[in-house]
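Trainee: Could you walk me through this model with me asking and you answering? I would like the cut-offs along the way.

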Amino acid sequence: MEGKEEDVRLGANKFSERQPIGTAAQVPEDSKDYRDSPPALLFDPSELGSWSFYRAGIAKFMATFLFLYITVLTVMGVVKSSTKCSTVGIQGIAWAFGGMIFALVYCTAGISGGHINPAVTFGLLLARKLSLTRAVYYMIMQCLGAICGAGVVKGFQKGIYDGNGGGANVVAPGYTKGDGLGAEIVGTFILVYTVFSATDAKRNARDSHVPILAPLPIGFAVFLVHLATIPITGTGINPARSLGAAIIYNKSHAWNDHWIFWVGPFIGAALAAMYHQIVIRAIPFKSKDYY
């Protein structure tokens, strides 16, 4: 008992003063071992004269092209079969989406930031991690790549593509539009929150392995969200993916619920950006000139 009491006494004396919590515990700016990137300008005309700007857009196009090609082809292989036991099933579709995100984020992170999803781009724009000019350009290239990727799949197997929904996102029978919208909001929130957490400057400074492993949790988040929401909406959480499949499939029922796959992801991305920046990082409380 004497030894235990001594441990308690030493522990109490080690921290003699009450420790601050919350924003009061923030480390002074000049003593931090990491540095947040300065907020991006809303409009930055100088970007338009840089080759890296256009190179990043080309990388976005190629990434979404490959993403749609592999994932929609996987979906077609599942839905064309009379029995799901002879295919990779829903789990295989989820792995195709998550695995491709993992691979493509790893390949393009150093060139264009690795986000091949307009909702992720929108969340980063709200967090002022890229300019409006760059965000709009990225979204356009993402959508063009998605359209071309779905188009190549249709070119390979037009009959199967047209006869099995073309991989287009729709709200499944038995669910309301509100159900679909909610699923897209929550699913995108999970994805974008994971992106912010995996690429956080503070964590990167603390753990040297975080930048290398960042694509893994992002891809895994996509996999898990697909497992949960494929039965509800086919899982959008990426407006470019939904738009590409809808344009190439181009049937009326693919457009009836299409707004859900833009509104839901953008709301989810906005909520995730605000949660991470305001609640988790408390950035508005650290720097008065950040916003």
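Trainee: What percentage of the 291 residues of the protein chain count as buried?

Mentor: Happy to start there. This is a predicted model, in which local features need pLDDT of at least 70, side-chain atom pairs count only at pLDDT 80 or more, and totals for chains, interfaces and linings use all residues. Residues are numbered from 1 along each chain as its sequence is written, and side-chain values use heavy atoms, with hydrogens and water left out. Taking buried as under 20% relative accessible area, exposed as over 50% and partly exposed as in between (1.4 Å probe, protein chains only), the buried share of the 291 residues is 45%.

Trainee: How many helices and how many strands does the protein chain have?

Mentor: Helices (H or I, at least four residues) and strands (E, at least two) are DSSP runs, numbered from the N terminus. Along the sequence the pattern is α-α-α-α-α-α-α-α-α-α-α-α-α-α. The count is 14 helices and zero strands.

Trainee: Over residues 92–115, how far apart are the end C-alpha atoms?

Mentor: UniProt, in an unreviewed entry, lists 58–80, 92–115, 135–153, 212–232 and 259–278 under "transmembrane region"; its positions are given in the numbering used here, feature names are shortened, and annotations may be inferred rather than shown by experiment. Residues 58–80 are 96% helix, with end C-alpha atoms 33 Å apart. Residues 92–115 are 88% helix, and their end C-alpha atoms are apart by 23 Å.

Trainee: Why is helix H4 described as largely enclosed, and which helices do its buried residues pack against?

Mentor: Helix H4 (residues 118–126) is largely enclosed by the rest of the structure because eight of its nine residues are buried. Among them are Pro 118, Phe 122 and Leu 125. With contact meaning heavy atoms within 4.5 Å, the packing partners are H5 (132–156), H7, H11 (239–249) and H13.

Trainee: Where does helix H10 bend?

Mentor: The bend at a residue is the angle between axes fitted to the seven residues ending there and the seven starting there. H10 (residues 215–233) bends by about 45°, with Pro 231 following within four residues of the bend. Just after H10, Gly 234 takes a positive phi of about 80°. The bend sits at Leu 227.

Trainee: Which residue forms a salt bridge with Arg 134?

Mentor: A salt bridge here is a side-chain nitrogen of Lys or Arg within 4 Å of a carboxyl oxygen of Asp or Glu, and the whole structure has four. For Arg 134, the closest N and O atoms of the pair are 2.9 Å apart, and the partner is Glu 47. This links distant parts of the chain, Arg 134 in helix H5 and Glu 47 in the loop between H1 (2–14) and H2 (51–79), 87 residues apart. Both residues are buried, Arg 134 and Glu 47.

Trainee: Which residues do salt bridges with shared partners join into one network?

Mentor: Lys 154 pairs with Asp 162 at 3.6 Å between the closest N and O atoms. Lys 158 also meets Asp 162, at 3.0 Å, N to O. The network is Lys 154, Lys 158 and Asp 162.

Trainee: How far apart in space are Tyr 193 and Tyr 275?

Mentor: Tyr 193 lies in helix H7 (residues 177–198). Leaving aside neighbours within four places in sequence, Tyr 193 is in contact with Ala 272, Tyr 275, His 276 and Ile 280. The two tyrosines, Tyr 193 and Tyr 275, are 82 residues apart in sequence, and their C-alpha to C-alpha distance is 8.1 Å.
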